[in-house]
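Please read them with the coordinates open.

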Amino acid sequence: MVIHALLAVTLAMTSLPAQATTVDCARVKCLALTFDDGPGVKTPTLLKTLKKAGVKATFFLVGKQVELRPEIARQALAQGHAIGNHTYSHNSLPALSDNEILDELKTTQEAIEQATKLRPKMFRPPYGHTDDRVLGLANQVDLAQVLWTGTTLDWKLRDTKKIKAAVLRLAKRDGVILMHDTVPETVKVMPEILKELKKRGYHLVTVPTLLRGKGPEPGVSYP
Ligand SMILES: [Zn+2]
């Protein structure tokens with residue numbers, strides 16, 4: 001009996017995927033850090049920082065950039081981060097035709113799938129520009145929409161102290177923070193940000209972990 005129980009526990013443990021070091025966001029204070037517009041030249045540095053801190057994040061990748069740096073997309077996924085679609089050419093979607101929007105989403109799905117073997121379940125519209133038509137078209141491509149609860153405007157601040165202050169000001173339980181791995185100052189200050197957020201009791205998780213298994217569902221907008 002004891003041996004059987006031990007065996008069952010061992011089997012259960014070995015069959016868990018690497019990512020499922022289960023953080024239950026219903027019980028603990030969670031926050032999702034999200035990075036848009038990569039993979040960029042600074043993304044490997046950011047991945048090292050996240051790995052060292054044992055933190056999982058979410059990357060919304062631009063199709064064109066994935067084609068330039070597929071190995072970085074692969075590395076992000078291998079480290080247990082979540083990956084989303086941020087369109088192929090980073091245009092404002094509501095200004096485009098239905099076919100153009102579908103093309104932006106589909107070509108990026110293909111680029112990410114080719115690079116990582118994974119087909120994303122989430123997309124984030126460039127500049128946060130979206131409407132019901134965009135959401136309906138995303139649904140056709142089996143994508144959920146992920147926006148944010150706080151944007152750091154790191155691309156405009158370009159200052160490590162100000163970016164850190166913005167993240168700490170915007171941090172809240174179950175929040176989704178928007179940053180860019182293409183902003184060198186964001187990547188540079190990330191070790192300090194992670195240290196402070198942990199000190200404040202946050203568990204830094206991917207967007208799917210934050211959704212507690214209740215998503216991402218195609219055609220639904222989060223958070
Ligand atoms: Zn963007």
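1. I start with a single side-chain interaction in this predicted model. The side chain of Thr58 comes to 3.0 Å from the backbone nitrogen of Val207. Thr58 belongs to strand E2, which covers residues 58-61. With a relative accessibility of 0%, Thr58 falls under the 20% limit and therefore counts as buried.

2. Which residues surround Thr58, once neighbours within four places in sequence are left aside? Its contacts are Leu33, Thr34, Phe35, Ala82, Met122, Thr206 and Val207.

3. His86 and His90 are both buried.

4. Thr87 is not a glycine, yet its phi is positive, at about 70 degrees. Thr87 sits in the loop that runs between strand E3 (82-85) and helix H5 (98-116). Is Thr87 buried or exposed? Its relative accessible area is 0%, so Thr87 is buried. The peptide bond from Gly38 to Pro39 is cis, with omega near 0 degrees. Pro39 is in the loop between strand E1 (30-36) and H2.

5. Tyr222 and Pro223 are joined by a cis peptide bond, with omega about -10 degrees. Pro223 is in the segment after strand E9 (221-222). Asp142, a residue other than glycine, has a positive phi near 60 degrees. The position of Asp142 is in the loop between helix H6 (132-140) and strand E5 (144-146).

6. Next, the packing of two helices. Helix H2 (residues 43-53) and helix H4 (residues 70-78) meet at an angle of about 10 degrees, and their axes are 10 Å apart. The angle is under 35 degrees, so H2 and H4 are roughly parallel to each other. On the H2 side the contact is made by Thr43, Pro44 and Leu47, and on the H4 side by Ile72, Gln75 and Ala76. Sorted by class, this contact of H2 with H4 contains 4 nonpolar and 2 polar residues, and no charged ones.

7. Helix H9 holds two residues that I would list together. Leu194 lies in H9 and, at 2% relative accessibility, counts as buried. Apart from neighbours within four places in sequence, Leu194 is in contact with Leu33, Thr49, Leu50, Ala53, Val55 and Leu204. How far apart in space are Leu194 and Gly213, which are 19 residues apart in sequence? Their C-alpha atoms are 25 Å apart.

8. The other residue is Glu196, also placed in helix H9 (residues 184-199). Its relative accessibility is 19%, which is under the 20% limit, so Glu196 counts as buried. The side chains of Glu196 and Arg200 are joined by a polar contact of 2.9 Å.

Methods: Residues numbered from 1 in each chain as written. Predicted model: local features only at pLDDT ≥ 70, side-chain atom pairs only at ≥ 80, totals over all residues. Heavy atoms only, no water. Buried < 20%, exposed > 50% of the residue type's maximum accessible area, 1.4 Å probe, protein only. Axes fitted to C-alpha atoms, helices over the stretch in contact; angles between N-to-C directions. Helix = DSSP H or I, 4+ residues; strand = E, 2+ residues; numbered from the N terminus. Parallel < 35°, antiparallel > 145°, perpendicular 65-115°, else oblique. Contact = heavy atoms within 4.5 Å. Nonpolar A, V, L, I, M, F, W, Y, C, P; charged D, E, K, R; others polar. Polar contact = N/O pair within 3.5 Å; in protein donor to acceptor, adjacent residues only side chain to side chain.
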